[in-house]
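Trainee: I have a model on my screen and would like to learn how to read it. Please take me through it step by step.

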Amino acid sequence: MGTSVQVTPLCGVYNENPLSYLVSVDGFNFLIDCGWNDLFDTSLLEPLSRVASTIDAVLLSHPDTLHLGALPYAMKQLGLSAPVYATEPVHRLGLLTMYDQFLSRKQVSDFDLFTLDDIDNAFQNVIRLTYSQNYHLPGKGEGIVIAPHVAGHMLGGSIWRITKDGEDVIYAVDYNHRKERHLNGTVLQSFVRPAVLITDAYHALYTNQTARQQRDKEFLDTISKHLEVGGNVLLPVDTAGRVLELLLILEQHWSQRGFSFPIYFLTYVSSSTIDYVKSFLEWMSDSISKSFETSRDNAFLLRHVTLLINKTDLDNAPPGPKVVLASMGSLEAGFARDIFVEWANDPRNLVLFTETGQFGTLARMLQSSPPPKFVKVTMSKRVPLAGEELIAYEEEQNRLKREEALRASLVKEEEIKASHGSDDNSSEPMVIDTKTTHDVVGSHGPAYKDILIDGFVPPSSSVAPMFPFFDNACEWDEFGEVINPDDYVIKDEDMDRGAMHTGGDVDGRLDEATASLMLDTRPSKVISNELIVTVSCSLVKMDYEGRSDGRSIKSMIAHVSPLKLVLVHAIAEATEHLKQHCLNNICPHVYAPQIEETVDVTSDLCAYKVQLSEKLMSNVIFKKLGDSEVAWVDSEVGKTESDMRSLQPMAGAASPHKPVLVGDLKIADFKQFLSSKGVQVEFAGGGALRCGEYVTLRKVGPTGQKGGASGPQQILIEGPLCEDYYKIRDYLYSQFYLL
């Protein structure tokens, strides 16, 4: 049998809940994603709580709450202690996302699910990997290799490949095949025939029929229309994910049009977010990287966007129309919720949603059709204690401190007694005759009686009862006291944390205002009141989620053509739709498990380890194919002296084999290649490529059907046998390797 693989969803199947999945590879348990929603519903984490202690490694795919929001809570409360793996942007931006979540909640509630220290502890030991970096797991995971690859959804977002004994398990959720301003498209199509593909059906029922240029034009025209009539525009966004694409769109449009309307990016960590992003150019699209290499122009040197970290700065901004991008996108907390309540009753204003709101949130309610005219909103804020409340609070704190000091002293006394107990040979305590008293005459006047209290046990080595004395012995050499240099080394994590709390503007350190907010320990309370908000403003939703649509999902799964397919994270209708499509057209083994339902997706193939003999390898001619080298080998199976299977040269002449062309031709790339050779080329109907006047080239499936059938594909050249035909054929052969 092949590598043993079991998949158990812990959250996020047959619904839009956060993502969290247990994947076991030969007994090694991976927790892939550890998400939570903006409602912080602890009931969603009950399945995770039952297996948290058995997790061997955690893989994080994206830096938003839905993919990593439960990590601090799981490590603090659920017993999760496994090492965590992520890319550098996912680690850094995920940390800021959780800071923003905590500070947003702390300002409106007595939030106690996790603290800033819990966030730091969860993220400080993350092992950071680069794209395509093969990381060999140590210890229990020996023999397993993990590697993140480009997902194209968020900065640093990853598709995870887990490899064991030559078999791949691919985890690909929330990927985007389209290239955007700041991100390249996914590389999912580069994987062919993995043993298992775990993917989502989130957009299986959605088809995007709008080109990017047209969508951007509608987006910017909608914003401009409301600004020009004196209205304000609010974009509820995430902390450090999809908001980056929106910032670039607005920045570029403002530069081209010369608009004077201000743009504000308002989160508790906005300055730190952009500081980090400026240093992550190598993780972004090719166009951004090349622009920086040639002109040293950093795309995130935002000249038209003002970064704010508190709402007071926004309130003090000059009056007039403005665009505000504020967290949280769900409108459950954060600055976006406060701004919505203030701006909702003005018909000139616009609230522009760029992604579907999480289920059960205010944003989802406002996106319903038709939208509500009135909404009930509970508004809360934290205010400092004053007057009698402050006095009562201080008295209570003093009382608690006294009790804590008393407990500490009692514990210390017990420790002293335990460390200076009697020797084994003298288990009997000294008998003190309490009837015998000593008259002591001194300056205090009359004689007083000093009584030795029962319970004092002197050391057996002492001649007479004496009080404990501790000799702090130190090791000395000819230069003085011996010291340990490691005690004076500052760890990298401590330096990062110290930098964060002292402020700064480089390497992702938090600015002084945010750090002071984190360290604010003034006594305060939360006051709340319910409001009925009249929704008179415009409500518009546009798709800037950065996910592949249903047609692209089906095409990419067909191209990958996995041996077994597991579908997660989508409503039931979308899940069943994609499941039936894949069963009928792509893969006979498709699974869509329920929560805590374990499916065994162990490969039916048998994998064997064989040794290539030196005699065989001496006659093999390799040809370079991308990052690899390939060769055709004719051999027979034998055994070595250690009884291990070995491939030996054929005893006789090998039978001839049909020529094999190795490679993956992309028609669009071949079109550019022919153009560079001076061939007039254009796309014709049905995806065919017309080359010159007579020759047509098309890509078809193995059964002759055009499009995304699974399995190997064929390239057909149609046209008369003329000079152009043979020239195009030679150009085509040059794109492959002949074995």
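Mentor: First, the ground rules. This is a predicted model, where local features need pLDDT of at least 70, side-chain atom pairs count only at pLDDT 80 or more, and totals for chains, interfaces and linings use all residues. Residues are numbered from 1 along each chain as its sequence is written, and side-chain values use heavy atoms, with hydrogens and water left out.

Trainee: How many helices and strands are there in the protein chain?

Mentor: The protein chain has 20 helices and 37 strands. Helices (H or I, at least four residues) and strands (E, at least two) are DSSP runs, numbered from the N terminus.

Trainee: What share of the residues count as buried?

Mentor: Buried means under 20% relative accessible area, exposed over 50%, and partly exposed in between (1.4 Å probe, protein chains only). Of the 739 residues, 45% count as buried.

Trainee: Is helix α4 mostly covered or uncovered?

Mentor: Mostly covered: 17 of the 19 residues of α4 are buried. The expected span is 1.5 Å times one less than the number of residues. For α4 (residues 88-106) that should be 27 Å, and the end C-alpha atoms are 27 Å apart, which agrees.

Trainee: How are two packed helices described?

Mentor: By the angle between their axes and the distance between the axes. Axes are lines fitted to C-alpha atoms, for helices over the stretch in contact, and angles run from 0 to 180 degrees between N-to-C directions. Take α19 (residues 667-676) and α20 (residues 723-733). Their axes are 11 Å apart, at an angle of about 125°. The two helices are therefore oblique to each other. Angles under 35 degrees count as roughly parallel, over 145 as roughly antiparallel, 65 to 115 as roughly perpendicular and the rest as oblique.

Trainee: Which residues make the contact?

Mentor: Contact means heavy atoms within 4.5 Å. Phe-670, Phe-673 and Leu-674 of α19 meet Ile-728, Tyr-731 and Leu-732 of α20. By class, that gives 6 nonpolar, no polar and no charged residues. Ala, Val, Leu, Ile, Met, Phe, Trp, Tyr, Cys and Pro count as nonpolar, Asp, Glu, Lys and Arg as charged, and the others, Gly among them, as polar.

Trainee: Where is Ser-291 found?

Mentor: Ser-291 sits in helix α9 (residues 286-295). Its relative accessibility is 25%, so Ser-291 counts as partly exposed. Leaving aside neighbours within four places in sequence, Ser-291 is in contact with Arg-296 and Asp-297.
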